[in-house]
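Open the model in your viewer and keep the sequence panel beside it. This tour goes from one selection to the next.

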Amino acid sequence: MEDNKRWLLVAAVAPVLWGSTYFVTRTFLPPGALWGGTLRALPAGLLLLVLVRRIPRGSWWWKVVVLGVLNVGGFFALVYQAAQLLPSSIASTVMATAPIALAVLAWLLLGERPSGWHLAGASVGIGGVALLLLGGSGLVDGAGVVVSVAAMASSSLGFVLGKKWNPEVGVLPSTAWQLVVGGVLLLPVAFLVEGPPPRLDPVALTATVWLTVVATALAYVAWFAALDHLRGDVIGLVGLLNPVAGVLLGVLVGGETIGSRQLIGLTLVLIGIAGPLLIRRRSTTATGRSARPHP
């Protein structure tokens with residue numbers, strides 16, 4: 001149980017840091033989501049490669065390409081396209097359904113039967129995210145919803161496959177090569193769609209370093225390390241901290257305000273995350289006590 005607590009904290013690092021990308025990108029960086037993704041992924045991957053210094057061998061070549069597309073290159077491109085077609089609140093709410101997708105895929109591919117409590121918590125959390133982010137958005141582009149669902153499915157499948165394949169080479173080499181492959185795939189797309197890379201002033205350069213080193217390299221390593229130790233339905237719940245962190249950072253640092261609807265949504269998200277984990281902890285503790293021999 002203590003190990004689970006520790007790995008839950010490690011898992012929480014990733015969505016909290018990913019949540020900071022919304023505020024940092026919107027506040028300090030020039031427009032250009034594809035270049036933003038490229039400048040996050042490729043330098044982060046190269047930085048990790050300097051640390052691990054390992055070349056893929058055998059089947060790992062095609063596996064790392066699959067993971068690099070699903071978790072980084074294809075995912076960032078789909079998120080970019082969704083952002084062009086949908087309000088960010090709707091796109092983020094669609095992405096928040098990932099805990100259920102993760103749980104189902106982990107069941108199908110890894111044999112991890114999802115807990116009913118975790119699925120219930122995910123449903124409550126998704127409802128909370130909807131309250132937290134959604135407002136009057138007018139007509140919704142159906143194609144944008146499809147693209148956003150594709151982005152969510154891409155990352156969910158990539159995370160589950162990463163959980164399955166990462167032990168073959170280790171978390172650091174796998175994460176490094178995923179980021180490199182994803183960044184290399186994004187590079188020509190960014191040139192074609194957005195033109196030459198944007199010029200970065202000192203503030204934007206500092207923000208890019210934060211996104212690259214902390215919100216990408218560190219966050220992805222923490223996430224995949226936790227995936228090695230936690231079930232898919234558990235880590236999916238922790239991922240709901242992503243929009244919560246984004247909203248709270250906007251309030252605490254950006255001076256944004258939230259109303260009663262957002263506060264209710266925030267409460268529901270936290271209940272959806274914490275409730276199933278506390279119930280599981282109590283049931284595990286009770287089972288452990290009942291298994292002890294009586295004096």
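Which helix holds Gly19? Select Gly19: its place is in helix α1, residues 2-28. The model you are looking at is predicted.

**Stop 1: Gly19**

Stay on Gly19 and show the surface. Its relative accessibility is 0%, so Gly19 counts as buried. Now bring up what surrounds Gly19. Setting aside residues up to four places away in sequence, Gly19 touches Asn242, Ala245 and Gly246. Gly19 and Leu240 are 9.9 Å apart in space, yet 221 residues apart in sequence.

**Stop 2: the whole chain**

Zoom out and switch to cartoon. How many helices and strands does the protein chain have? There are 12 helices and 0 strands.

The trace spans about 75 × 55 × 35 Å. A compact globule of 295 residues would have a radius of gyration near 19 Å, and the protein chain agrees, with 19 Å.

Colour by burial. Of the 295 residues, 46% count as buried. Then look at the contacts with a separation of 6 or more: residues 24 or more positions apart account for 92% of them.

**Stop 3: the charges**

Select the charged side chains. The protein chain has 19 positive and 10 negative ones. The centres of the two sets lie 8 Å apart. Side chains of opposite charge can pair when their charged atoms come close. How many salt bridges does a search of the whole structure find? The search finds 3. Visit each in turn.

**Stop 4: Lys63 and Glu168**

Select Lys63 and Glu168 and show their side chains. They form a salt bridge, with the closest N and O atoms 2.8 Å apart.

Compare the two ends of the bridge. Lys63 has 9% relative accessibility and counts as buried. Glu168 is partly exposed, with a relative accessible area of 44%. Then list the contacts of Lys63. Leaving aside neighbours within four places in sequence, Lys63 is in contact with Trp165 and Glu168.

**Stop 5: Lys163 and Glu112**

Move to Lys163 and Glu112. Their closest N and O atoms are 3.5 Å apart, and the two form a salt bridge. This pair also links distant parts of the chain, 51 residues apart. Find Lys163 in helix α7. Find Glu112 in the loop between α5 (98-110) and α6 (116-133). Are the two residues buried or exposed? Both Lys163 and Glu112 are buried.

**Stop 6: Asp233 and Arg231**

Select Asp233 and Arg231. Their side chains meet in a salt bridge, at 3.1 Å from N to O. Asp233 counts as buried, at 4% relative accessibility. Arg231 counts as partly exposed, at 24%.

**Stop 7: Arg53**

Go to the loop between α2 (33-52) and α3, where Arg53 lies. Check the backbone angles there. Arg53 has a positive phi of about 50°, although it is not a glycine. With the surface on, Arg53 is exposed, with a relative accessible area of 72%.

**Stop 8: Ile258**

Finish in the loop between α11 (241-252) and α12 (260-291), and select Ile258. Its relative accessible area is 29%, so Ile258 is partly exposed. Which residues is Ile258 in contact with, leaving aside its neighbours within four places in sequence? The contacts are Val247, Val251 and Leu263. The C-alpha atoms of Ile258 and Ser155 are separated by 29 Å, and the two residues are 103 apart along the chain.

How values were computed:
Residues are numbered from 1 along each chain as its sequence is written. This is a predicted model: local features need pLDDT of at least 70, side-chain atom pairs count only at pLDDT 80 or more; totals for chains, interfaces and linings use all residues. Side-chain values use heavy atoms; hydrogens and water are left out. A salt bridge is a side-chain nitrogen of Lys or Arg within 4 Å of a carboxyl oxygen of Asp or Glu. Buried means under 20% relative accessible area, exposed over 50%, partly exposed in between (1.4 Å probe, protein chains only). Helices (H or I, at least four residues) and strands (E, at least two) are DSSP runs, numbered from the N terminus. The radius of gyration is taken over C-alpha atoms; the globule rule is 2.2 Å times the number of residues to the power 0.38. Contact means heavy atoms within 4.5 Å. Lys and Arg count as positive and Asp and Glu as negative; His and the chain ends are not counted. The place of a charge is taken as NZ of Lys, CZ of Arg, CG of Asp or CD of Glu.
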